[in-house]
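This briefing goes through one protein model by topic. The sequence and structure come first, followed by the notes.

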Amino acid sequence: MAQLAGSLGYHLSNSGREREGLELAKAAVAEAGPDAPAATRALFLDRVAWAHTRVGEAQPALRALGQAHAALDVTDGAPAPSWAYWVNREELEIMDARVFTELRRPLRAVPLLQDVLGRYNATHAREVALYRSWLAVALADANEPEQAAEEARRVIDTSGDLSSERTAERARTVLHRLKEYKDVPEAREVLTEYGHLLLT
């Protein structure tokens, strides 16, 4: 039941129903309880952090991130269910970086994303493209348009080889963010070359 609530909450948080998503994310944590397997509890708390982020509640989001890391540190509990096989420290760091980016805290987001990308398996092209999209936005927020444009180009070039609507959407998000820097040659070049993607 907790897994269903958490998954639906995450979907709603990303689909324009942020308040409902937050309530379901919290319900998943409550349903799972404090004795849930470490990876399970960490996942549900991560989703709470994201849900708070989507409604613009920074401090509760940051607290939930800390709680997710603390949950994963527990080593003497029950084993995680098979559907939580992918939850590990690296995945939590990725959510940390997404939250920092969405909250426009680039001084936290940029080094974390650079570190994660430096360790991430490059053969996972879709995930790499998504993570680079958050890095591009965070660099733009950090007033580093030249680097943001470089990352934007990487995102778009990778996304072109993927049949993923999510990566295409993130590419458009990055291009929109670069518009603020259209007077910077590197950003203008990317916008000129790929601006047609904003029309799709």
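Leucine 43 is found in helix 3, which covers residues 38-54. The model is a predicted one.

- Apart from neighbours within four places in sequence, leucine 43 is in contact with Trp83, Trp86 and Val87.
- From C-alpha to C-alpha, leucine 43 lies 8.8 Å from leucine 72, and the two are 29 residues apart in sequence.
- Tryptophan 50 also has its place in helix 3.
- With a relative accessible area of 3%, tryptophan 50 is buried.
- Neighbours within four places in sequence aside, the contacts of tryptophan 50 are Tyr10, Ser13, Asn14, Met95, Arg98, Val99 and Glu102.
- One of these residues, asparagine 14, makes a side-chain to side-chain polar contact with tryptophan 50 at 2.8 Å.
- Arginine 98 places its charged end over the ring of tryptophan 50, 4.1 Å from the ring centre.
- Tryptophan 50 and leucine 175 are 125 residues apart in sequence, and their C-alpha atoms are 23 Å apart in space.

**Helix 5**

- Helix 5 has 14 residues and should span 20 Å at 1.5 Å a residue; the distance between its end C-alpha atoms is 20 Å, which agrees.
- The buried residues of helix 5 are Glu91, Leu92, Glu93, Ile94, Met95, Asp96, Ala97, Arg98, Val99, Phe100 and Thr101.
- Packing partners of these buried residues are helix 1 (2-13), helix 3, helix 4 (58-72), helix 6, helix 7 and helix 9.
- At the N-terminal end, asparagine 88 caps helix 5, with a side-chain oxygen 3.1 Å from the backbone nitrogen of glutamate 90.

**Aromatic pairs**

- There are three aromatic pairs in the structure.
- One of them joins tyrosine 120 and tyrosine 131 edge-to-face, at 5.1 Å centre to centre and with 90° between the planes.
- Tyrosine 120 lies in the loop between helix 6 (106-119) and helix 7, while tyrosine 131 lies in helix 7, so the pair ties together parts that are 11 residues apart in sequence.
- Tyrosine 120 and tyrosine 131 are both buried.
- Tyrosine 131 and tryptophan 134 form a stacked pair, because their ring centres are 6.1 Å apart and their planes are at 25°.
- These two residues are three places apart in helix 7 and are therefore separated by about one helical turn.
- The relative accessibility of tyrosine 131 is 7%, which counts as buried.
- Tryptophan 134 is buried as well, with a relative accessible area of 3%.
- Through ring pairs, Tyr120, Tyr131 and Trp134 are linked into a cluster.

**Nonpolar core**

- The largest nonpolar core holds 64 residues, and Leu65, Val87, Val99, Tyr131, Leu178 and Val190 have the most contacts inside it.
- Helix 7 gives the most to this core, contributing 10 residues.
- Leucine 178 touches Pro145, Ala148, Ala149, Ala152, Ala187, Val190 and Leu191, with residues up to four places away in sequence left out.

**Helix 9**

- Helix 9 runs over residues 165-178; at 1.5 Å a residue its 14 residues should span 20 Å, and its end C-alpha atoms, 20 Å apart, agree with this.
- Buried in helix 9 are Thr167, Arg170, Ala171, Arg172, Val174, Leu175, Arg177 and Leu178.
- These buried residues pack against helix 5 (89-102), helix 7 (125-141), helix 8 (145-159) and helix 10 (185-194).

**Loop residues with positive phi**

- Arginine 104 is located in the loop between helix 5 and helix 6.
- Its phi is positive, about 60°, although arginine 104 is not a glycine.
- Arginine 104 counts as exposed, at 53% relative accessibility.
- Asparagine 143, in the loop between helix 7 and helix 8, is another non-glycine residue with a positive phi, near 60°.
- Asparagine 143 has 52% relative accessibility and counts as exposed.

How values were computed: Residues are numbered from 1 along each chain as its sequence is written. This is a predicted model: local features need pLDDT of at least 70, side-chain atom pairs count only at pLDDT 80 or more; totals for chains, interfaces and linings use all residues. Side-chain values use heavy atoms; hydrogens and water are left out. Helices (H or I, at least four residues) and strands (E, at least two) are DSSP runs, numbered from the N terminus. The expected span of a helix is 1.5 Å times one less than its number of residues. Buried means under 20% relative accessible area, exposed over 50%, partly exposed in between (1.4 Å probe, protein chains only). Contact means heavy atoms within 4.5 Å. Rings of Phe, Tyr and Trp (its six-membered ring) pair if their centres lie within 6.5 Å; planes under 30 degrees apart count as stacked, over 60 as edge-to-face and the rest as tilted. A charge sits over a ring if NZ of Lys or CZ of Arg is within 6 Å of the ring centre and within 35 degrees of the ring normal. A nonpolar core is a set of buried Ala, Val, Leu, Ile, Met, Phe, Trp, Tyr and Cys residues joined through side-chain atoms within 4.5 Å. A polar contact is a pair of N or O atoms within 3.5 Å; within protein, one must be able to donate a hydrogen and the other to accept it, and residues adjacent in sequence count only if both atoms are side-chain atoms.
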